[in-house]
Amino acid sequence: MNAYIALINFLNSTSPSDIYYKVAQNILQNLERIKNASIHEVAEMCYVSAPTISRFCKRLGYDSYASFKNELSQAVSNYNYNNRFVSVDTSCDTEDSESVSFLYQISQFTDALKKSYSRAYIQEIVENIHIHKRVGLFSSVPSYQLQYLQADLLLTKHDVTFCQSPADQIEYAKTLGEDSIAVVLKPERLEAKYMDEIVSILKENHVKIVLISNTKYSRLNKMADFHLNFNGNLHIVDAFCFDMLVSLLSIEYRKEYLTE
């Protein structure tokens, strides 16, 4: 999750009466000024003190205002590229080409998934998730389906945590042990590099690992107990693919353990 998405998530999950809500709102309304702004200039922009800005950055999971500013500036500058709906090499010049290509690529993934889908393997993963007391959910990208899986597991009395910021995810990973299993959504992109550390921590602590990745050649595959991979293209179609795979876990989990 990059700093821009972290800001939006914070805004959506925080009360408007919270002082930090106003800070996030003012920053989002002045994104073009942040790149060259000092912490004191941002504080003035947000009508708070510099220490408040520093605390806000730490609340988002950043060590300092400087690291937050740098990541936010990069996320905004590269927004269109990093969040393109289709890969560059499949875009054409016709007006409707991008939307058509977007739908085509989703259908391609769905067709490939149908051919490679193994219900028995999904059921094995689901069974392993169910028998573990604690379940950690880790992702560097927003995933509504991962939240639905969390809701499924809470209904069956599991101890489930889905941390949002990189710092919180790393710290939470350190608390898991042999009685735990982790579901890790790991896209191959720069913002997700910190998740390599998370997987290493989980492996060292003997946590069962379910790795979902947008490459079949991830070096992390050998560290995972289970892996669901697809060949992605580093664009928004990948987000749909991640959620489809998590949905398969959720569907089988509900069928097996939440049947009325």
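A contact is defined here as a pair of residues with heavy atoms within 4.5 Å. Among contacts in the chain between residues at least 6 apart in sequence, those joining residues at least 24 apart make up 67%. The structure is a predicted model, in which local features need pLDDT of at least 70 and side-chain atom pairs count only at pLDDT 80 or more, while totals for chains, interfaces and linings use all residues. Residues are numbered from 1 along each chain as its sequence is written, and side-chain values use heavy atoms, with hydrogens and water left out.

The chain contains 13 helices and 5 strands, taken as DSSP runs of at least four residues (H or I) and at least two (E), respectively, and numbered from the N terminus. Its radius of gyration, taken over C-alpha atoms, is 20 Å, close to the 18 Å that the globule rule (2.2 Å times the number of residues to the power 0.38) gives for 260 residues, so the chain is as compact as a globular protein of that length. Of the 260 residues, 50% count as buried, that is, under 20% relative accessible area with a 1.4 Å probe, protein chains only.

Strand β3 (residues 180–186) is largely enclosed by the rest of the structure, because 7 of its 7 residues are buried. Ser 180, Ala 182, Val 184 and Lys 186 cover one face, and Ile 181, Val 183 and Leu 185 are buried on the other. Strands are considered paired if DSSP finds at least two bridges between them. Strand β1 (residues 134–139) runs parallel to β3 and is joined to it by 6 bridges; Arg 134 has Ser 180 of β3 as its bridge partner. Strand β4 (residues 208–213) also pairs with β3 in the parallel sense, over 6 bridges, and Ala 182 is partnered there by Ile 209.
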